[in-house]
Amino acid sequence: MNKIFFAFLISCAIVLQVFGQSSDSQYKKPLKEVIKLLETRYNITIKYNENQVEGKWLNYAEWRFRSDVDETLRNVLSPLDLKVNKEGEGRYKLKEYEYYRWEVKDGWDYLDKLASRYHNKESWEARKAQIRPELYKALKLSPLPEKPKSKIILTPKRLFEGYSVENFALEIMPGLYVNGSVYRPLNYKGKTPVVLSPDGHWGGHRYRKDAQIRFAMTAKLGAVAVSYDLFAWGESLLQFKSEDHRRSLALTVQTLGAIRILDYILEDKNIDKTRVGICGGSGGGSQAVLMAALDPRINLSIPVVSLSSYFYGGCPCESGLPIHSVAGGTNNVELAAMTAPNPQLVISDGKDWTAHMPQHDFLYLQKIYGFYGKRDNVKNVHLPEDGHDFGYSKRKPVYNFLIEHFKLNPKSLKEADGNYDESSITIENKEALYTFGPNGEKLPKNAIRGYENLEKLF
């Protein structure tokens with residue numbers, strides 16, 4: 001009986017497809033059939049997975065077709081929260097809608113609209129004063145949670161050539177810890193500048209070779225570098241699952257972690273509070289922009305391969321809460337402008353969403369810095385042949401910028417040709433950078449576990 005009924009349903013569906021094409025049925029067609037029609041009519045190919053099209057129907061399907069293929073694809077796919085990436089002439093790949101990725105011109109036009117709201121230092125300062133408190137509210141950090149009274153957990157220092165490393169765990173809310181490592185210069189006289197060093201979503205995160213090189217070189221140049229884990233990444237995985245990183249509170253926890261790390265490090269009487277920087281790549285660059293906008297204690301910012309008016313950050317730890325809806329709407333470039341007139345270096349490349357930085361977004365930043373008469377305080381190093389990484393070609397301008405603005409001494413690290421010798425850096429195993437032991441055996445007893453318990457804190 002069930003088989004007969006199932007066959008009846010299939011036959012009804014076929015009849016609907018063949019004979020039901022009228023306004024009574026909203027000219028409905030299954031997406032898979034619509035894709036075949038598109039490929040035939042426009043002589044194109046569209047790659048897709050079955051799970052992307054299974055069970056999806058489109059109302060007024062053929063009524064959405066236009067003479068232009070790209071316009072047609074937008075008309076057909078946007079109601080289903082789908083899009084295509086163009087992979088070549090006549091070749092497309094079906095993708096889920098990416099709310100955080102805009103067309104280049106759309107991003108530029110929106111930034112121009114934002115810029116029309118202010119025309120001098122006074123009107124821009126009023127705009128900043130509007131944005132900052134609303135950012136805290138959107139982040140669920142208004143008011144800021146009370147700081148736990150527990151002391152920071154530190155491992156013994158490990159000494160290397162010209163620098164030391166000690167790991168830390170800092171309780172930022174009851175039972176919630178952020179972990180990282182502090183790289184300090186040896187034999188440094190006077191007060192020391194500090195550089196918060198969040199990183200992006202590259203494999204290995206802060207334990208990677210290129211990350212360790214950057215932190216250690218920063219220390220050897222004469223500044224303290226503080227690296228720390230992303231939420232649900234590194235030692236945070238002792239408390240949460242890796243999939244929790246792609247949930248909205250990741251943005252809140254990472255921001256609060258950076259604020260509390262800054263609280264801790266600035267309590268050190270040997271730290272120079274007039275030289276406080278932040279430098280991060282990719283998602284860490286997004287955090288560098290956000291933290292510099294939020295916290296006036298930061299007076300130098302270096303976002304690397306991250307900043308764009310048409311890309312908002314593809315991870316919930318960058319855009320999972322409505323921080324871009326505050327103050328009537330904003331974007332990452334306007335947030336980066338809030339650093340002005342403090343020194344800012346924007347590093348971009350030719351193979352990701354920063355590819356067009358020199359053409360539009362950087363000109364906007366120069367305009368904002370010009371309100372303060374400090375146009376030269378913002379720099380752009382654009383590497384058109386480079387891709388999305390934090391290789392030496394990016395680290396070199398970071399070192400140069402820190403030396404220039406924090407008055408560091410390159411000593412024997414900088415060679416006659418302007419390059420840096422990174423060969424003296426010791427690359428440690430990731431276990432050496434843990435605070436809670438190789439198997440998490442030192443995790444405090446009060447540590448919370450699970451995203452549901454994190455939600456209870458908020």
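Reader: How many charged residues does the lining of the largest pocket have?
Author: This is a predicted model, in which local features need pLDDT of at least 70 and side-chain atom pairs count only at pLDDT 80 or more, while totals for chains, interfaces and linings use all residues. Residues are numbered from 1 along each chain, and side-chain values use heavy atoms, without hydrogens or water. The pocket (an open set of 1 Å grid points where a 1.4 Å probe fits, with protein on both sides within 12 Å along at least five of seven lines; lining atoms lie within 4 Å of a point) is lined by 20 residues, with Arg-74, Lys-83, Val-84, Asn-85 and Glu-103 nearest its centre. By class, ten lining residues are nonpolar, two are polar (Gly counts here) and the charged ones (Asp, Glu, Lys, Arg) number eight.

Reader: Which element gives the most to the lining of the largest pocket?
Author: The pocket is lined by 20 residues. Helix H4 (69–77), strand S4 (82–88) and helix H5 (104–115), taken from DSSP runs (helices at least four residues, strands at least two), each give two or more of them. With five residues, the greatest contributor is S4.
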